Amino acid sequence: MWLAAAAVTLLGWLVVAIDGGEFLTRPNITAILQNSVALGLVAVGQSVVILTGSLDLSVAYLISLGTLVAAETMQDGSVLTGVLAVLGLSVGVGLANGLIVTGLKVNAFIATLGVAFILRGYIEDNYTGPAGKVPASFQHLGYDRVGPVPVSLFLLAAVAAALWLITRRTRLGHHMYATGGDEHAARLSGVRTRRTVIAAHVLCSLCVGAAALFLASRLGAGAPWAGTEARYDLESIAAVVLGGTALAGGRGGVSGTLGGVLVLSVLDSVFNQLSVDPFFKNVVRGVVIIAAVALYARPLGRRSAR
């Protein structure tokens, strides 16, 4: 996936150069990295829950509500209180998703979509526009840079590293792969699959909470459209699938997801510089995702034989 990301970056540079523009400039590289943070945080969380064979469609509305909670809490209290409030909200939503999926035996697609509608209803009933205010001290997260590297990228790196360690080096991570690979066999082997799925949903929602905090620092206020306008629910799933994680679960990981996020961010940057029509942009993104999934779906032997 990372080789594919490098190839897409090189191809984007060539196309933009032919069009008379400049692609690999310091401002553009910074913009690509900056635009990767929010999607990257959501996508690495989504990859964890998809590994278990589940799914989370509530992420977009949780981001929107998270920015509102952060901004309103920070306006009336401290930054720490706002951060804790958003993370607490995220844990609550993650627990709700996990318990509905495992306890009520509701399909993850329907369960998380239902939670998304609940969050949407609350937002639409209580907010008509931006609310709250984020203090200037917290906005450093969204705007400060170390050279061309945004400070927020270190947040993404820390979260991704933590999830990589959890999935690859802990018992919980091994149980996630086992549950996604074959839940019945995992249960017979002694894996507490219900706890594993619930833990995955909580981790996913915590990552979404981190994305909400980042976006609040960028916007300076809470926004009811922060998560839905960017379609983080579908975009995150696209990045996960593009990174090689199987939607059925049991295969893939965080590192591939980050590569998928980078590919999508580079494509967006290329399209913006070329002023590509939004319809054609979505067509190209769809073709790239379908081609990647088709490649992953081929038997390993056939791929290596070529």
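Q: Which residues is Gln75 in contact with, leaving aside its neighbours within four places in sequence?
A: In this predicted model, local features need pLDDT of at least 70 and side-chain atom pairs count only at pLDDT 80 or more, while totals for chains, interfaces and linings use all residues. Residues are numbered from 1 along each chain as its sequence is written, and side-chain values use heavy atoms, with hydrogens and water left out. Gln75 lies in helix H3 (residues 59-76), where helices are DSSP runs of H or I with at least four residues, strands are runs of E with at least two, and both are numbered from the N terminus. With contact meaning heavy atoms within 4.5 Å, the partners of Gln75 are Gly132 and Lys133.

Q: What distance separates the C-alpha atoms of Gln75 and Ala131?
A: Gln75 has a relative accessible area of 48% and is therefore partly exposed; buried means under 20%, exposed over 50% and partly exposed in between, with a 1.4 Å probe and protein chains only. Gln75 and Ala131 are 56 residues apart along the chain. Their C-alpha atoms are separated by 9.7 Å.

Q: Is Thr102 buried or exposed?
A: Thr102 lies in helix H4 (residues 79-103). Beyond its neighbours within four places in sequence, Thr102 is in contact with Arg194, Val197 and Ile198. Its relative accessible area is 7%, so Thr102 is buried.

Q: Which residues does Leu99 touch, not counting residues up to four places away in sequence?
A: Leu99 is placed in helix H4 and, at 46% relative accessibility, counts as partly exposed. Its C-alpha lies 9.5 Å from that of Ala111, twelve residues apart in sequence. The residues touched by Leu99 are Leu104 and Ile198.

Q: Which helices are included in what covers the buried residues of H4?
A: H4 has 25 residues and reaches 35 Å from its first C-alpha to its last, close to the 36 Å expected, a span given by 1.5 Å times one less than the number of residues. Its buried residues include Val83, Val86, Val93 and Val101. The cover of the buried residues includes H3, helix H5 (108-126) and H10.

Q: What phi does Lys105 take?
A: Lys105 is placed in the loop between H4 and H5. With a relative accessible area of 62%, Lys105 is exposed. Most residues other than glycine have a negative phi. Lys105 is not a glycine, yet its phi is positive, at about 60°.

Q: How many of the 27 residues of H10 are buried?
A: Helix H10 (residues 193-219) reaches 39 Å from its first C-alpha to its last, close to the 39 Å expected at 1.5 Å a residue. H10 is largely enclosed by the rest of the structure, because the number of its 27 residues that are buried is 21.

Q: Which residues does Val202 touch, not counting residues up to four places away in sequence?
A: Val202 is placed in helix H10 and is buried, with a relative accessible area of 15%. The residues touched by Val202 are Val91, Gly94 and Leu95.

Q: Which ring does Arg218 lie over?
A: A charge sits over a ring if NZ of Lys or CZ of Arg is within 6 Å of the ring centre and within 35 degrees of the ring normal. Arg218 is 4.5 Å from the ring centre. The ring is that of Tyr143.
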